[in-house]
Amino acid sequence: MKKKHSLLGVLAVFLFCLLYRYERHIHTQYKQDGFLLVPDSRCNVNPPFLVILVTSATNKNKARSAIRQTWGKETTIGNNRIVTYFLLGYSAHYQQQLLDESLQHNDIIQQNFTDSYYNLTTKVLMGMEWVTRFCPSASFVMKTDTDMFVNIYYLQELLTTKNRSVFFTGTSGEAEYPYRRYPPFCAGTGYIFSADIAKKVWEVSAQEAKFKLEDIYIALCLAKLKVVPVKMHSVKTFYSSKVKFSVCRFWKLVTSHGMSPLEIQISWKAMMHSTREDCATIMITT
């Protein structure tokens, strides 16, 4: 009987310690100022060169997993640290899953608004707010989506040769817009800011009513700031459509849209088994 009580006592202490550790994690993750989940970015200790903010839906866990295993895995290229975080709203159905992901991967940014397509602009502005409050020492910020392939190596190379505040990487077209004309905008599938512009966009957004097309909305904020988007490269490198995969072609682009989780993984694996130098050699010899 004493043995049984002793075993129950040990089990009770173990469960108490486990619960205390979990609660401590939750209180560490839940922040003030409207944030539910935030990652420990180590921005004060080791500021990232590039922060990639990926808009995601709560049910897109397979896409997040594929990105974490490929281009979204934290890495350092040269001396430049690159980190990726996922932007999410709230869903009671998926909240426990997101808590578990946050605990395991430390890459979720979340606020208490409904996770839906109509809140995409709110989601992106949340990312700008997070950069402003938690990681202002970052050099650059990229916004992209979960169905994207991002060549972080070529992107890092392009960024290290530029000295601009924001880069125009997309195209314009018909859109829901509250004025007769709308400014040039960066396609929402991928665009780049310096961290100071991210701060200014977040601040000026308080003056402009939100609407669901975030790329147009961000362009409107840039117009208010008198910031003119520009192309990053004279040759097209950001694709808002799907690019047919070939190793050498993907080494010379930054984004390809409409990629499934499996396609992202296969494309990344193929690239990691080659180098840009291999492609240069092929071009010279052929």
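At what angle do helix α4 and helix α6 pack, and how far apart are their axes? Keep in mind as you look that this is a predicted model. Select residues 120-134 for α4 and residues 195-204 for α6: the two helices pack at an angle of about 120°, and their axes are 8 Å apart. That angle makes α4 oblique to α6. The crossing in which α4 passes α6 is left-handed.

Now show the side chains where these helices touch. On the α4 side, pick Leu125, Met128, Glu129, Val131, Thr132 and Arg133. Across from them in α6 you'll find Ala195, Ala198, Lys199, Val201 and Trp202.

**Next stop: strand β4**

Select residues 80-90, which make up strand β4. Is this strand buried or exposed? Of its 11 residues, 10 are buried, so β4 is largely enclosed by the rest of the structure.

Let's go through its neighbours. To see where they line up, click Ile52 and look for Thr84 opposite, in β4.

Then bring in strand β3, residues 75-77. Three bridges join β3 to β4, and this time the strands run antiparallel. Ile77 has Asn80 of β4 as its bridge partner. The hairpin of β3 and β4 has two residues between the strands, and in that hairpin Gly78 takes a positive phi near 65°.

**On to strand β5**

Select residues 108-114 for strand β5, which is joined to β4 by four bridges and runs parallel to it. Two spots are handy for checking the pairing. Phe86 has Ile108 of β5 as its bridge partner, while Tyr90 stands opposite Thr114 in β5.

How many of the residues of β5 are buried? Five of the seven are, and β5 is mostly covered.

Click Leu37 and you'll find its bridge partner, Gln110, in β5.

**Last stop: the aromatic rings**

Switch to a view of the ring side chains. Searching the whole structure turns up 11 aromatic pairs. One of them is Tyr117 with Tyr118, an edge-to-face pair with 5.9 Å centre to centre and 75° between the planes. Tyr117 counts as partly exposed because its relative accessibility is 48%. Tyr118, at 60%, counts as exposed.

Now jump to Tyr153 and Trp268. Their rings form a stacked pair, 6.0 Å centre to centre, with 25° between the planes. What does this pair tie together? Tyr153 lies in helix α5 (residues 152-159) and Trp268 in helix α9 (residues 261-272), so the pair links parts that are 115 residues apart in sequence. Colour the two by accessibility: Tyr153 is partly exposed, with a relative accessible area of 29%, whereas Trp268 is buried, at 10%.

How values were computed
Residues are numbered from 1 along each chain as its sequence is written. This is a predicted model: local features need pLDDT of at least 70, side-chain atom pairs count only at pLDDT 80 or more; totals for chains, interfaces and linings use all residues. Side-chain values use heavy atoms; hydrogens and water are left out. Rings of Phe, Tyr and Trp (its six-membered ring) pair if their centres lie within 6.5 Å; planes under 30 degrees apart count as stacked, over 60 as edge-to-face and the rest as tilted. Buried means under 20% relative accessible area, exposed over 50%, partly exposed in between (1.4 Å probe, protein chains only). Two strands pair if DSSP finds at least two bridges between them. Axes are lines fitted to C-alpha atoms, for helices over the stretch in contact, and angles run from 0 to 180 degrees between N-to-C directions. Angles under 35 degrees count as roughly parallel, over 145 as roughly antiparallel, 65 to 115 as roughly perpendicular and the rest as oblique. A crossing is left-handed if the near helix is turned anticlockwise from the far one by less than a right angle, and right-handed if clockwise. Contact means heavy atoms within 4.5 Å.
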